[in-house]
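Hi,

Here is the structure I promised to pass on. Have a look at it first, and my notes on the helices follow below.

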Amino acid sequence: LKMAVKNIYAVILAAGQSSRMGRFKALLRYNKSETFLSRLVKLYSTVTGNEPIVVVNERLFKTIQFHKINTIGRFKTIINNSPDKGRFYSVQTGLKFIPASKSVFIHDVDRPFVKENTLRKMASNYLVSGYMVPRYKGKSGHPVLLGRKVISDILSLTPESRRLDEFLANYKNRKVDVDDPGITVNINTKEDYLTWLKKSPNRE
């Protein structure tokens, strides 16, 4: 039995407009029983033992409520009322609801392919300062695991036109080598999704 890693939370970012996809990425099918969002909620609930924070836009929130999408699992929904302010603002919005002095995974909903073992390996090495990313065959991927100092600094800033990757460049980072090609894959367009479906017919 694998135990949950304590003192770590997750923020799942799902507030984007999905304009290139034409539908909510969060509700794309991962397999017959799971969506992208439900897989990530399940993963992080299992690994951390805590309910993930899911940052959504108002349209996605209403869609989830209207369809009574209750098979997703337990998570806390936070509405980003200004998704046009970008990803950094969504990160800030989610982090406000995390208990103090915790490390936090930041995970984009269009990257649901990470393995549970990858998250466990990152979580078992979590750090107080700086941040951590997984690496597969020399290529860094997602999610990112933020230390406490980075989190407090993010929350102290105004979000205008900031990019998370540029902000994190000011901090030490630790790369964790994993056997997980899924950390480098994300889905932006219908073509991306169809290509992935063809490559991964037996998803679990």
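Are H3 and H5 roughly perpendicular or roughly parallel to each other? They are roughly perpendicular, a term that covers angles of 65 to 115 degrees, with under 35 degrees counted as roughly parallel, over 145 as roughly antiparallel and the rest as oblique.

A word on the source before the details. This is a predicted model, in which local features need pLDDT of at least 70 and side-chain atom pairs count only at pLDDT 80 or more, while totals for chains, interfaces and linings use all residues. Residues are numbered from 1 along each chain as its sequence is written, and side-chain values use heavy atoms, with hydrogens and water left out. Helices are DSSP runs of H or I with at least four residues, numbered from the N terminus.

**H3 and H5**

H3 (residues 87–95) packs against H5 (residues 148–155) at an angle of about 110°, and their axes are 9 Å apart. Axes here are lines fitted to C-alpha atoms over the stretch in contact, and angles run from 0 to 180 degrees between N-to-C directions. On the H3 side, Phe88, Val91, Gln92 and Leu95 meet Ile151, Ile154 and Leu155 of H5; contact means heavy atoms within 4.5 Å. Six of these residues are nonpolar, one is polar and none is charged. For those classes, Ala, Val, Leu, Ile, Met, Phe, Trp, Tyr, Cys and Pro count as nonpolar, Asp, Glu, Lys and Arg as charged, and the others, Gly among them, as polar.

H3 also holds Ser90, which is buried at a relative accessible area of 6% (buried is under 20%, exposed over 50%, partly exposed in between, with a 1.4 Å probe and protein chains only). Beyond its neighbours within four places in sequence, Ser90 touches Leu13, Ala15, Val55 and Asn80.

Because 10 of its 13 residues are buried, H1 is largely enclosed by the rest of the structure. Among the buried ones are Phe36, Leu40 and Val47. After H1 comes Gly49, with a positive phi near 75°.

H1 packs against H4 (residues 116–124) at about 40°, with the axes 10 Å apart. That makes the pair oblique. Leu43, Tyr44, Thr46 and Val47 of H1 make the contact with Glu116, Leu119 and Arg120 of H4. By class, this contact has four nonpolar, one polar and two charged residues.

Best wishes

Key: Helix = DSSP H or I, 4+ residues; strand = E, 2+ residues; numbered from the N terminus.
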